[in-house]
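Hi,

Here is the structure I promised to pass on. Have a look at it first, and my notes follow below.

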Amino acid sequence: MEKHDGRDAGRVRPGDLKDPWYDELASGWGELDGTGAPTAPAVPAPAVPAPAVPAPAAAPERSAADIYLEVQASAAFQEVRRRYRRFVIPAVAAFFTWYVAYVVTATAAPELMARPVSGAVNVAMVAGLAQFASTFLLTWAYARHARLRRDKAALDLRWVVFEQKREQELRQGAER
């Protein structure tokens, strides 16, 4: 969306609607081509004509907060949160237990941690490196879980909110 001055600055107008989760500048769209003109998009967005929306007789006005509260109470949102908690709570508990066990063992049993494993490498070094490895493993597992179990459902919820806000803005535009 380009910058506009005046009363409608920053307001989404019918026909300007694109994917709200797409970052144009990240893909090179909207960047200058060296002559001062913006580069053309690789795939031009189709022109969306402004839909003719009949003004509702007495549609109740819903605020953005009402829309978000409705989505939050939906079964789909609760399912996304449940999937999140089913992964995060056990993962945090396991990782925290592993970290505390490492710290407690290092302070309570220094002779165990000083035991050589191979040459100058001792148990403390192996356990310390295992802390780093488990952090990366946990990060990978979280990203995989999010991608496979939550991202699509969360994106669908975002579109529900976006469509509801769009309908509300179109109704407000038709009333003016």
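**Aromatic pairs, a core and a helix contact**

Tyr142 is partly exposed, with a relative accessibility of 33% (buried means under 20% relative accessible area, exposed over 50%, and partly exposed in between, with a 1.4 Å probe and protein chains only). Before you go further: this is a predicted model, where local features need pLDDT of at least 70 and side-chain atom pairs count only at pLDDT 80 or more, while totals for chains, interfaces and linings use all residues. Residues are numbered from 1 along each chain as its sequence is written, and side-chain values use heavy atoms, leaving out hydrogens and water.

Back to the rings. Rings of Phe, Tyr and Trp (the six-membered ring for Trp) pair if their centres lie within 6.5 Å; planes under 30 degrees apart are stacked, over 60 edge-to-face, and the rest tilted. That rule gives 2 aromatic pairs. Phe87 and Tyr142 have ring centres 5.9 Å apart and planes at 50 degrees, so this pair is tilted. Phe87 sits in helix α3 (residues 75-108) and Tyr142 in helix α5 (residues 123-175), so the pair ties together parts 55 residues apart in sequence. (Helices are DSSP runs of H or I, at least four residues, and strands are runs of E, at least two, numbered from the N terminus.) Phe87 is buried, at 18%.

In the pair of Trp159 and Phe162, the centres are 5.1 Å apart and the planes at 85 degrees, so it counts as edge-to-face. Both residues lie in α5, 3 residues apart, about one turn of the helix. Trp159 is partly exposed at 28%, whereas Phe162 is buried at 18%.

Now the core. The largest nonpolar core has 5 residues: Ile67, Val71, Val80, Leu157 and Val161. (Such a core is a set of buried Ala, Val, Leu, Ile, Met, Phe, Trp, Tyr and Cys residues joined through side-chain atoms within 4.5 Å.) Helices α2 (64-73) and α5 each give two or more residues to this core. Not counting residues up to four places away in sequence, Val71 touches Phe77, Leu157, Val160, Val161 and Gln164, where contact means heavy atoms within 4.5 Å.

Last, Met113, which belongs to helix α4 (residues 110-113). Is Met113 buried or exposed? At 7% relative accessibility, Met113 is buried. Its C-alpha atom is 4.6 Å from that of Ala124, 11 residues away along the chain.

Cheers
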